[in-house]
Amino acid sequence: MITAMGTWDVGHFDNDTAADFSGKLDDAAKAEREAIIRTALTSTIESDEFLDSYEACQAVASAALIAAQLPGGTPVTTAYGPDELLPPLPEDLRALAAQALDRVLGMESELAELWDETEYGPQWRQSIADLKAVLLA
């Protein structure tokens, strides 16, 4: 079990930030959920500064929600994912999610640094690579 970073496993929703993000989506009106996901992705992509782990976790969760709607994607069945079903998400979010994941894995990412300091870093990186592969398929 991983205890650092408010994280308990390498899953895309296995951290406090992603669980809170899921709650934010559940609390939002159905029509606002896409915008919340889009904002999480674009703020990650457009950040010129060192990427905070908080933003990165939201981007990873957003990417996982998009991928879950695609062939080959893994359904989000964890208790820490959103309880409410998301509407079908637009096609253009796939590319945004892939770009955001590149940023999350990059040299200027706190989340990547934190994972790389643990024995689970390679497993986490592989989970992000697998997620990106679904988005780009």
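Which backbone oxygen lies 2.5 Å from a polar atom of the side chain of R94? I started my notebook with that.

**Entry 1: ground rules**

I am working with a predicted model, where local features need pLDDT of at least 70, side-chain atom pairs count only at pLDDT 80 or more, and totals for chains, interfaces and linings use all residues. Residues are numbered from 1 along each chain as its sequence is written, and side-chain values use heavy atoms, with hydrogens and water left out.

**Entry 2: R94**

I looked up R94 and found it in helix α4, residues 92–105. Helices here are DSSP runs of H or I with at least four residues, strands are runs of E with at least two, and both are numbered from the N terminus. The oxygen I asked about belongs to the backbone of A137. I noted the rule for a polar contact: a pair of N or O atoms within 3.5 Å; within protein, one must be able to donate a hydrogen and the other to accept it, and residues adjacent in sequence count only if both atoms are side-chain atoms.

Is R94 buried or exposed? R94 counts as buried because its relative accessibility is 15%. The cut-offs are under 20% relative accessible area for buried, over 50% for exposed, and partly exposed in between, with a 1.4 Å probe and protein chains only.

I then listed what R94 touches, not counting residues up to four places away in sequence: I66, L70, V134, L135, L136 and A137. Contact means heavy atoms within 4.5 Å.

**Entry 3: S47**

Where is S47 found? I traced S47 to the loop between α2 (33–46) and α3 (53–68). S47 has 17% relative accessibility, so it counts as buried. A polar atom of its side chain lies 3.3 Å from the backbone oxygen of E49.

**Entry 4: the tryptophan pair**

I searched for aromatic pairs. The rule takes rings of Phe, Tyr and Trp (its six-membered ring) with centres within 6.5 Å; planes under 30 degrees apart count as stacked, over 60 as edge-to-face and the rest as tilted. The count comes to 1 aromatic pair. W115 and W124 form that pair, and it is stacked, with 5.9 Å centre to centre and 10° between the planes. W115 counts as buried because its relative accessibility is 3%. W124 is buried too, because its relative accessibility is 3%.

**Entry 5: the cavity**

Next I looked for empty space. Rolling a probe the size of a water molecule over the atoms shows where empty space is left. The search runs on a 1 Å grid over the protein atoms alone: a cavity is a set of points where a 1.4 Å probe fits but cannot get out, a pocket is an open set with protein on both sides within 12 Å along at least five of seven lines, and lining residues have an atom within 4 Å of a point. Grid points are joined across faces, edges and corners, and a volume is the space filled by probe spheres set on the points.

How many cavities of 30 Å³ or more does the structure hold? I found 1. The largest cavity has about 90 Å³ of space. W115 and W124 are among its lining residues, and the lining also includes T7, D9, H12 and C57. Helices α3 and α5 (110–116) each supply at least two residues of this lining. By class, the lining has 6 nonpolar, 4 polar and 1 charged residues. Ala, Val, Leu, Ile, Met, Phe, Trp, Tyr, Cys and Pro count as nonpolar, Asp, Glu, Lys and Arg as charged, and the others, Gly among them, as polar.

**Entry 6: the pockets**

The largest pocket holds about 320 Å³ of space. Its lining has 18 residues, and H12, A64, T74, P75 and L131 lie nearest its centre. Which helix gives the most to this lining? That is α6, with 4 residues. The lining divides into 9 nonpolar, 7 polar and 2 charged residues.

I also checked the second largest pocket, which has a volume of about 230 Å³. P75 is one of its lining residues, and L65, D83 and E84 are others.

A56 lies in helix α3. With 0% relative accessibility, A56 counts as buried. A56 touches L51, V104 and L111, leaving out residues up to four places away in sequence.

A112 sits in helix α5. A112 is buried, with a relative accessible area of 1%. Under that sequence limit, A112 touches V104, L105, G106, W124 and R125. The C-alpha atoms of A112 and R125 are separated by 8.1 Å, and the two residues are 13 residues apart along the chain.
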